[in-house]
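Keep the structure open beside you as you go.

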2 protein chains.
Amino acid sequence: MEDTQPPESPGEIAAAWRRERPGTPTESIPVVTPVFRLAKLFEDDRQRVLRRAGIDRATLDLLSTLRRSGSPYTLTTRELGGRTLVTAGAISQRVARAEREGLVSRAPDPRGGRGILISLTDAGHALIERSVEEVLGREMYLVEGLEESERDALAALLAKLTGQVRERAATPLPPAAPRRADERPGERPG
Amino acid sequence: MEDTQPPESPGEIAAAWRRERPGTPTESIPVVTPVFRLAKLFEDDRQRVLRRAGIDRATLDLLSTLRRSGSPYTLTTRELGGRTLVTAGAISQRVARAEREGLVSRAPDPRGGRGILISLTDAGHALIERSVEEVLGREMYLVEGLEESERDALAALLAKLTGQVRERAATPLPPAAPRRADERPGERPG
DNA sequence: AGATCAACGTTTAGACCTAAACATACATCG
DNA sequence: CGATGTATGTTTAGGTCTAAACGTTGATCT
């Protein structure tokens, strides 16, 4: 046997929970599970493309953000942090790695501030120029399995959901679910 | 200043690329970017819930899969691998951690095989029982920002896209974009 | 000025993952 | 039976990330 069955579909996962624990709220599964899986599929595929281009995800993120910001391809560490989904510590490390490879340079902000300006070097500019086209071209291909109208509809729904989730995730967690005293979760059929 | 501006919207990112590099294929951005962001939002929020429940993402994954498989809550390492998105090495480590915490037990497969059976212990069963309800309840809340009909439409599109991407990502990478001879990728400015 | 505060960036410790090298245990074939 | 091959699991080396401690540099107040 070469490989086992593919992962359960979201529908199967939800059905399994309902079978095992009637009453379990499974309505979110058909949305959340595919989001995780798609993120991983895109991520892994992107990594294949990037490896060939001699760059990794972290560096792509950094250089793209600088490149996209337009001439003079310079942002402060803080601005980079705001546009990326990682912590300040990670930014620091990413910049350090990219600097070691000669892709970016660092200099104190001339405008008084305590900020540090990160700029694309020529090598960094060349590398991102080469990589962006490939990454976006490949993603285009991956996404073209959907009709344009479907992509538009999907993009709209994703945008709306992102907004909603951002709002709701920002609110403090509700109190932990009440735990029924007669619920004997430890019970196990022999 | 407390925090900088939120990350650019997918539309802004695409517009920036078109401004900076006319002709860049940006059609995938409104789909791919929100998928990454939603995955991170869900992931981070889930982690907050899990921390309170005294469990982490890796262990949740492991225990959920066992629990969902139904009595006797036992699977081989290989089966676990097939249902999870991580490598065999990661499974091994996850099981080792969970075993150290008394949440699962390991035993050689009695049916002749060279496989190892991983089973939920009573403690593991109790923990997952407690956690699942909270995680899914919370996710339900996060996703309820969309109408039910929107969620259904979104789920259908995500399912279709997942299938398409899985197919397309499996195919070998097309040849690298032609690279101009004067572009020397390995070269580094002194 | 001097003290205190706030913003910013870096460093460090620890967690988890992947890829690849290593075992092991069956299975098959001469 | 002994040699190869194949499927499974585990271990190890290395990498990136987060959280939190830490250090620095301006800004504010008296």
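A salt bridge is a side-chain nitrogen of Lys or Arg within 4 Å of a carboxyl oxygen of Asp or Glu. The model is predicted: local features need pLDDT of at least 70, side-chain atom pairs count only at pLDDT 80 or more, and totals for chains, interfaces and linings use all residues. Side-chain values use heavy atoms, without hydrogens and water, residues are numbered from 1 along each chain as its sequence is written, and chains are lettered from A and ligands numbered from 1 in the order in which they are written.

**Exercise 1.** Describe the interface of chain A and chain B.

Step 1. Start with the contacts (heavy atoms within 4.5 Å): 96 residues of chain A touch 96 residues of chain B.

Step 2. Now look for salt bridges; the rule finds twelve across this interface. One of them joins Arg67(B) to Glu20(A), with the closest N and O atoms 2.8 Å apart.

**Exercise 2.** Which residues are closest to DNA strand C?

Step 1. Collect the residues near the strand, meaning those with a heavy atom within 4 Å of it. There are 21 around DNA strand C, and the closest are Arg78(A), Ser92(A), Arg106(A), Thr87(B) and Arg94(B).

Step 2. Zoom in on the phosphate oxygens. An N or O atom in the side chain of Arg106(A) is 2.4 Å from one, and for the side chain of Arg97(B) the distance is 3.1 Å. Ile116(A) uses a backbone N or O atom, 3.4 Å from a phosphate oxygen.

Conventions: A polar contact is a pair of N or O atoms within 3.5 Å; within protein, one must be able to donate a hydrogen and the other to accept it, and residues adjacent in sequence count only if both atoms are side-chain atoms.
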